[in-house]
Amino acid sequence: MSSKNIVLAQIGCGYWGPNLLRNFSALPECTVKYVVDPSAERRLFVESNFPFSRAIETHQTVLEDPSVDAVVIATPAASHFSLAKDALDAGKHVFVEKPLATKVAEVDELSRRAAERNLVVMTGHTFVYNSAVRHVKRLIDAGDLGDLRYIYSQRLNLGRIRSDIDALWNFAPHDISIIQYWLGNPDPISIGRQGMAYMQKGIDDVVFLNLEYPGKVIANIHVSWLDPQKVRKMIIVGSRKMVVYDDIAEDKITIFDKGIDRRAILGENMDFDNPGVSQFNYRSGDILIPEIKFAEPVRVEAEHFVDCIRNSREPLTGISHARAVVSILERARMLNGEVLHHNSII
């Protein structure tokens, strides 16, 4: 596999599908042989813009073609599990747009089938391949931020309203994936969720998700498609430094050398011996905007998938990462105004 041309097929070419198709089609030694979409309009789009790919209506031809090495799935979330399962059963590697599935049991089933056939399964958690997100990861791992205290994210917009999934399942997989990547993929100690449906019964338009992780790290995720502003921002507060990651700003990362430290005064007793008289130092140092070389995340993601196929590697957003994201979403699905605790020891 390391030297042969990788032959792909893509199922779905709707909202996000063209981005995936464009990037996979541009990879050297990689061919997108088929693009499957039931819409005649979308098939015409493929034929007009990607003449080297054959647009077809159903995916059965893909499954039966032994020349196809891998399948890219960019369809509504409810269909991800069944399509991925069919592709694995046909001996194809699988790339699935987020989320990998809608239940942990489904993720585990895909994991079992992939392991039996030695196949790669990767989920399109695109932000893990974002240069700015990776820069923050390096800061955290190097200890530049000190002890992490909390992370706050906002992913807001006016539209696009979905009817197949709510705002949590539409937007929050991005933020959960980023946080899991930054923290090293731990399991949350507790999960709390508050959401409300305004436009469609049973489909929340706005959700606040609260996560507590080991080490006294908390995270709040605010998602909404009923907001007056488009916001894609995350704030990371550490004991030494703080970071603002704004995905729609020209300068994606701003690092603040700010913080508050307890201060001891020499005397008969150290202040630390008496918490009631603690005093604090307020630090307000330099503000740093690092230069980050941007590479299109979808391109990096596509290259990573092909490399994992060629070299039989576990993807960065493979089964274990995808399972953690789906597990958090699944546990949060049944909560509203409640907190679910999983471990008692931090």
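My entries below cover the pockets and what lines them.

**Ground rules.** I am working with a predicted model, where local features need pLDDT of at least 70, side-chain atom pairs count only at pLDDT 80 or more, and totals for chains, interfaces and linings use all residues. Residues are numbered from 1 along each chain as its sequence is written, and side-chain values use heavy atoms, with hydrogens and water left out.

**Largest pocket.** I looked up its space and found about 1200 Å³. It is lined by 43 residues, and Tyr 15, Trp 16, Lys 98, Arg 160 and His 174 are the closest to its centre. (A pocket is an open set of points on a 1 Å grid over the protein atoms alone, where a 1.4 Å probe fits, with protein on both sides within 12 Å along at least five of seven lines; lining residues have an atom within 4 Å of a point. A volume is the space filled by probe spheres set on the points, which are joined across faces, edges and corners.)

**Who supplies that lining?** I noted helix H1 (17-26), strand S7 (148-158), helix H7 (167-183), strand S11 (226-238) and helix H8 (297-311), each with at least two residues. H7 gives the largest share, four residues. (Helices, H or I of at least four residues, and strands, E of at least two, are DSSP runs numbered from the N terminus.)

**Second largest pocket.** Here I read about 230 Å³. Its lining has 16 residues, with Asn 118, Leu 119, Val 120, Arg 313 and Glu 314 the closest to the centre. Helices H5 (104-117) and H8 each give two or more residues, and the largest share, three, comes from H5.
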